[in-house]
Amino acid sequence: IMGCGHAGVANTLDYVRELAPGPIRAVIGGFHLSRADRPRWERVEAALRRHEVEKVIPCHCTGEEASRYLVEKLGNRCRPGRAGDVFRF
């Protein structure tokens with residue numbers, strides 16, 4: 001769960017992989033992409049694919065455009081998060 005991904009989603013996922021080599025079930029939170037350009041969105045998408053993240057839930061500072069892009073590219077693995085969402089794993 002990311003509050004606001006100032007360190008970058010790709011960097012955070014790389015670090016998570018160092019700490020725990022198993023599957024990454026979900027990435028939930030702010031991806032800090034609201035002011036980012038499309039090439040950065042593409043790098044985040046590539047990192048999510050590379051790490052085989054099962055569920056992607058972009059929230060708040062991801063931005064609406066970047067969230068739509070991720071939903072379009074990642075399909076049913078991705079949906080925008082909203083206040084009050086409940087997730088069970």
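**Labels and their cut-offs**

Author: In strand β2, Gly 30 is the bridge partner of Cys 4. This is a predicted model, where local features need pLDDT of at least 70, side-chain atom pairs count only at pLDDT 80 or more, and totals for chains, interfaces and linings use all residues. Residues are numbered from 1 along each chain as its sequence is written, and side-chain values use heavy atoms, with hydrogens and water left out.

Reader: What makes β1 and β2 a pair?

Author: Two strands pair if DSSP finds at least two bridges between them. Two bridges join β1 to β2 (residues 26-30), so the pair qualifies. Strands here are DSSP runs of E, at least two residues, and helices are runs of H or I, at least four, both numbered from the N terminus.

Reader: Why is one side of β1 and of β3 left without a neighbour in the sheet?

Author: The open sheet runs β1-β2-β3, with parallel pairing. β1 (2-4) and β3 (55-59) stand at the edges with a single partner strand each, so one side of each has no neighbour in the sheet.

Reader: Why is Glu 52 called exposed?

Author: Buried means under 20% relative accessible area, exposed over 50%, and partly exposed in between (1.4 Å probe, protein chains only). Glu 52 has 61% relative accessibility, so it counts as exposed. Glu 52 sits in the loop between α2 and β3.

Reader: And what makes His 32 partly exposed?

Author: His 32 has a relative accessible area of 30%, so it falls in between. His 32 is in the loop between β2 and α2, and has a positive phi of about 55 degrees without being a glycine.
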